[in-house]
Amino acid sequence: MVLLEGQLFIHILKAKRLYNADGIFSTSKNKSDPYVKCKIGNTNIAKTKVLENTCDPKWDQYYLVEVCHEGDSLDLQVLDDDLVADDDLGILRIPLDKLIERKQIEGEYYLTRNGRKCNGRIYFSVTFYPISELDNTRAVPNCYFEQRKNCKVTLYQDASAEQCDLVDQLGYTRARAFDDILAAIQGARDFIYVTGWSVKSDTSLGREGEKQSIGDLLKEKAEDGVKVLVLVWNEITSTNLTDGLMGTFDQETLEFFAGSRVKCATVSRRKTQNGLHSTMTEMIYSHHQKTVVCDAPGPYVRRRVVAFVGGLDITCGRFDTTEHTLFGELQGKFAGDFYNVCNTLENTECGPRQPWHDIHSKVEGAVALDVKQNFEERWMKDVPDLEQETFNLDKSDYDIDYKHHGKHQWSVQVFRSISDDSATFTDQKRSELLLRHKTSLHDNSIHKAYIHHIRRAKKFIYIENQYFLGSCHMWSDQDNVEKAVHLIPIAIARRICRAISEDAEFRVYVVVPLHPEGDPGSPAMQEILNYQKRTVEMMYRLIAQQLTKNKSNRKPTDYLSFFCLGKREKDIPGDLPSPEPGSREEVLRNSGRHMIYVHSKMAIFDDEYIIVGSANINQRSMSGRRDTEIAIGACQSNIQAGSEDIAESEISRFRKSLMIEHLNKRVNSLENVPWSEEAMKQIREEGERNWEEYSSDAGNPLGHLLLYPYKVSLDGEVTGAVQYFPDTEASVTGDPKPLLAEKITT
């Protein structure tokens, strides 16, 4: 087995004299319908369009593919597209060791069929670029949106982060996401665009003084002459009579805006072609972007555009503070907004609520126009009858080239996961950089950005994400799971292995929820938990193997550690009703604990670069052909990793503010040398101590950060540190016997 790590540039030009699988007698209407599938091992890495009725197809298609795969060969397999099973028309196997040695293999080659050389020939070119030869810039190359300079970025932790003395010591001021979104909408004069997985019309952004719902506010702005467009995912099980499986309130929101000047559209994640495949796509996948884009006053006369991008939907349960209270202020800040889908509670007045941790951002400058373009490309595709409702910027009234000239100048790039089923790609030249899958174009630049910055990271990576599963082609036991093939976990593991081989310090910290949202014992949640465990185990096994190879006495967890967040409260407000004996409410009241649900989709690299958006670390979010997603990648233009002023960067101070929220204290090594062995040792000790306090019968953890309940052996095997999650009978490592379609749970 050979490891191929880097990028492949594949050009599939044409084939000749292919076997006719559609009939003994070849006619113009009875020939094979060939396409080419490019594979390493069992993993598909590219697929051409299908050309109908020809034995001499000309595809002329290009693919730039990130690779981190083990195998013996790169296989170019020519298949006949059929309704039931695709027929084999021939295969060419390119040995990976030859490809690594020669870097480029091209020309005309005979195919083999059924193990024997056949008349069919394929014309192609494959070029391999190892990591050492890849572009190492902070801008991610070959993306639909370019990096924009002279921008401004505001980073948010939670919907309403609270200031505290420890944060004051950093000289850092926490911004409040919902307050800033509210102010931006209130200040808009010309247009407001809102996208969401869920937008609930009665949600209030402001929680102080007289509350106004987002629905009433948008109606008010529309009545004032502002163009207000709302684009919400249509969860097809949501109807006039039912809330739907996912509780997105899309039908309720559509009805709320009906008859008003607000243009609201609910849109399924559908495929262009009709039939079963399209229906399945609507049932399984979602529109997951969360953005608000609007106009704002400029520094002089002309106006400008601002945009909010991240993990926060404007819907129920998303408002939370950095305290993440369970029982406090149920009739105060959280009145009318009780949310807990992890537990079935008969009396919500008893509590506890489900705490919510998230990351969001605001961008200003040219990059905000890219976020605006994303909305308009989606609107053009999914709401063509109202295409004229979008707002065109007039240069006489808008500073199209607005540049931020403040102290902190940022370079920012927009990334997406989206296909031409969900967006009309208006930039034809940049569209040439998109990937093809058969006849469909798709943008998977979020995945591309993660891989690019994992590979160029120098000392450490800090990740918070709602999910963490993937790279199934490297799992020790695939069990035919081929649906989570993105490269983020394996790229992280390989980056750590490279550091070990170079005897360099490198650390990776990953914060995930204690378990997926919902009942952790349900089949879907157990399946996801098992995929997560297998992903983590694959990473630890690779690290353990590299440590053995280097004759190191360190442990895999010295380089990579997983954490979650939890809250425990002892002081229950006296005005809350008593729970019914034997109820779920009584169990939770007695334990006084609940996980803090990590909904973040963020990664920090060396305190130099940050990715914030809507995309989870799973195949649904990273594919480009499943859920639609959006993210921004940002860095301060004048600050480089390793420089003396990196500790004062906004990204560094934001990370330190997150650590204060999670640990309720400052840890010097974690703040200043997070790549050190001491930093990893200290945070693991804090997390282990908090876990013991959280999981015991009567503990009192100092902070929210908990060491994830995995036990990792020296050879990388992962088992549960406990059998069940607290207050449940749900297995920590999940159920290895999947019951649902992998496309749903990966």
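The structure described here is a predicted model. Arg653 is likewise buried, with a relative accessible area of 13%. Glu650 and Arg653 form a salt bridge in which the closest N and O atoms are 2.5 Å apart. Both residues belong to helix H14 (residues 650-663), where three residues, about one turn of the helix, separate them.

## Salt Bridges Between Separate Parts of the Chain

The structure holds 38 salt bridges. Side chains of opposite charge can pair when their charged atoms come close.

Glu252 is partly exposed, at 34% relative accessibility, whereas Lys200 is buried, at 10%.

Arg554 and Glu505 also form a salt bridge, with the closest N and O atoms 3.0 Å apart. Arg554 lies in the loop between helix H11 (523-549) and strand S22 (560-568), and Glu505 lies in the loop between helix H10 (488-501) and strand S21 (507-511), so the pair ties together parts that are 49 residues apart in sequence. A network of salt bridges links Glu505, Arg507, Arg554 and Glu677.

## A Negative Surface Patch

Glu678, Glu685, Glu688, Glu692 and Glu693 form a negative surface patch. Among them, Glu688 is found in helix H16 (residues 677-695). Glu688 counts as partly exposed because its relative accessibility is 45%.

Methods:
Residues are numbered from 1 along each chain as its sequence is written. This is a predicted model: local features need pLDDT of at least 70, side-chain atom pairs count only at pLDDT 80 or more; totals for chains, interfaces and linings use all residues. Side-chain values use heavy atoms; hydrogens and water are left out. Patches are made of residues with over 30% relative accessible area and no salt bridge: like charges are joined within 9 Å, nonpolar side chains (Val, Leu, Ile, Met, Phe, Trp, Tyr) within 5 Å. Accessible areas come from the Shrake-Rupley method with a 1.4 Å probe; for residues, only the protein chains shown count as cover. A salt bridge is a side-chain nitrogen of Lys or Arg within 4 Å of a carboxyl oxygen of Asp or Glu. Lys and Arg count as positive and Asp and Glu as negative; His and the chain ends are not counted. The place of a charge is taken as NZ of Lys, CZ of Arg, CG of Asp or CD of Glu. Helices (H or I, at least four residues) and strands (E, at least two) are DSSP runs, numbered from the N terminus. Buried means under 20% relative accessible area, exposed over 50%, partly exposed in between (1.4 Å probe, protein chains only).
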